[in-house]
Amino acid sequence: MSSIRLALAQHDFPVGAVEANAAAVRRLVDAAHGAGAQLVAFPELTLSGYPPEDLLLRPSFLTACNEQLQQLASASQDGPMLVLGHPQARGEQLYNAASVLRRGQIRSTYYKQALPNYTVFDEKRYFTPGEASCIIELEGVRMGLLICEDIWVPRPALQLAAQGAECLLVINASPYDQSQAARREVVLAERARESGLSIAYVNQVGGQDDLLFDGASLLIGRDGRIRARAPAFQEHLLLVEFDRADANWIAIDWPDASADSPDAVLYAGLVRGIRDYVDKNGFPGVLLGLSGGIDSALTLALAVDALGPERVMAVMLPTRFTSQLSHDGARRQAEAAGVAYHVLPIEGPFASVMEQLTPAFAGKPADTTEENLQSRIRGLMLMALSNKHGALLLSTGNKSEMAVGYATLYGDMCGAYAPLKDVYKTVVYQLARWRNRGGEIIPWEVIERPPSAELRENQTDQDSLPDYDQLDAILARFIEGQQSKAEIAAAGFDAELVFKVVRLVLANEFKRRQSAPGPRVTRCAFGRERRYPITSGWR
C-alpha cells in the first residue's frame, strides 16, 4: 500500500474522568472509522487525563484506568488500530504508557523514556522511565512511537531511525505558554532533520486547574519544515496520510490556523481556561466585581465569551471615591454584554465598620488600612453573592499586581479562579485592544484612562507603582528571566527602582500562596512552577 490514513484526536480528556474519557475514545474511534482512518492516535495519558498528580498514588484509580483499557481493547475487534495513553503499574513500578490496541487485543505497550521534571512537570515523582523503543507496523508502514518529552531529546528518535522506522508518531500533553509553540516547532524540526523521519504530533486540548493545553498539533516533514498546523484551543479529529513514496505526512482538510495571531491564541486560551474550570467543577456560572477598570472589564469580556451572558453576573460596589467614569463604563459594558448587573454601594457597611473600629484606632492616622477595608467589604459581599447564587467568583487581579503585592488579602483577592493571574498589566491592555478590534466590547475610555484602585481621592496606581511598561519589564527579567538585581540595573533600569520592585516581589510571597489558581500563560507562573519560600532571608 502506498499510503495509510490516521486520525489524530486533538481533544480534551479531563483528569480523573476515567469512564468519560473511555467513552470519548469510543466516540472518536467511530468517527475516525467512518472517515476511513486505519489508526487513531490519542494524547498522552488519555484515560487518566494529564496531569493526574497524586491520583496516581491511589491503587483504585490505577485499577479503574486498567479496566477501561481492557474494555477498549476488547472493543477493538473490527475498527481501526488505537494508540492510547494511560498509566500502567507493573509490580512496584508505574509507567507513563501508550498501548497499541487492535482486533480485541493489546498488541504492544510502550513506556515513556524521558520523564520531565522541570517547570510544571513532576513526572519523576510518579513514573519509572522506560528503556525499550516501540515500532508499530500498519499495512507495511513502520511507525516509531514516542510520548511527549521523548521527542525533546535526541536519543529516542535516533534509536527508532536506526531500528528501521519510516516515520514518527508522537502523542503529547504539552502545556501552553506564550512562547511554547515556537519552541515546540524548533525542537520538532531538529528531531526530524537528525533522524530523517517525518513527525505526526498530536497534542491534547483543555484547561486543567492552572494549566492550559493548546492542541496546536503538527505535521513536520523529514526536512524539518512544517507541513501542517492545527488551530490552538480547538478540538478536532485531524486526518493525515503517510505517503510512503515521499516518506512524509500529509494533512487531509485540516482547519486553517494561519491567521491566528499571538493575541488571538492567548485570548482563546484564557477563554478556554475559564470555561473548563467552571464546567469541569460543576458551577452554573460566575460572578465578578466590575469596577470600571481595565482588569475587571477584560475579565468580564473573557467570561462572557467563555460561558455566554446568561451565566455571568457583574456587580458594581461603589464608594464615594468611585468616579462617574467608572460608573458609566461598568454600566455600559454590562448592558452591552447582556449580563445580570447589580449596583450595591458599600458606603453604609464601610461607615458601620469604621464606627466599630474607631475606638481601637484611636491615635492612629488614616493609612492603607482604611483603603484595604473597602476592598475587604467588597470581597465579603461578593462571596455572599457567590454562596447565595452558587456562582463561582472570579478574581480580576493581574500578574503585575500579584507580583508586587498590589492586592488585598480577603478583599480583591477573593475568588475561586483568577483568569488574569499570569497576565502582565501591559498585556491586559494589549488583549483589551485586540478584543475591540471588530467593535467596542470594552469601553475605550476604560482602556485609555489612568489605572486606579479608587480607594481614596484622585488615586492612581502610579502613586504606589512605577509606570507599568517599566514595572513589567523589570518583573519579566526577574521572574521569567531569573536575572539578579545587578543584572537588571545593568540593562539600563534605575537601580533604586529595581531594588524596590524585587523587594516587593520577595516580600509578598505570603499573599500569592493564598491566591486563587489561574491559567498559566508565561514561562514562570506563580504556582506549581515557582515555589519560593515564604520565610526567607534572601533579598
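The model is a predicted one, where local features need pLDDT of at least 70, side-chain atom pairs count only at pLDDT 80 or more, and totals for chains, interfaces and linings use all residues. Residues are numbered from 1 along each chain as its sequence is written, and side-chain values use heavy atoms, with hydrogens and water left out.

Start with the sheet: 6 strands line up in the order β6-β7-β8-β9-β12-β13, forming an open sheet with mixed pairing. Strands here are DSSP runs of E, at least two residues, and helices are runs of H or I, at least four, numbered from the N terminus; two strands pair if DSSP finds at least two bridges between them. β6 (135-138) and β13 (226-229) sit at the edges with a single partner strand each, so one side of each has no neighbour in the sheet. Within the sheet, β7 (residues 141-147) and β8 (residues 167-172) run parallel and are joined by 5 bridges, with G144 opposite L168 in β8.

Turning to S48, this residue belongs to the loop between β2 (39-41) and α2 (59-74). S48 is buried, at a relative accessible area of 0%, where buried means under 20%, exposed over 50% and partly exposed in between (1.4 Å probe, protein chains only).

As for rings, the charged end of R437 sits over the ring of W434, 3.9 Å from its centre, and K399 lies over the face of F526, at 5.4 Å from the ring centre. Such a charge counts if NZ of Lys or CZ of Arg is within 6 Å of the ring centre and within 35 degrees of the ring normal.
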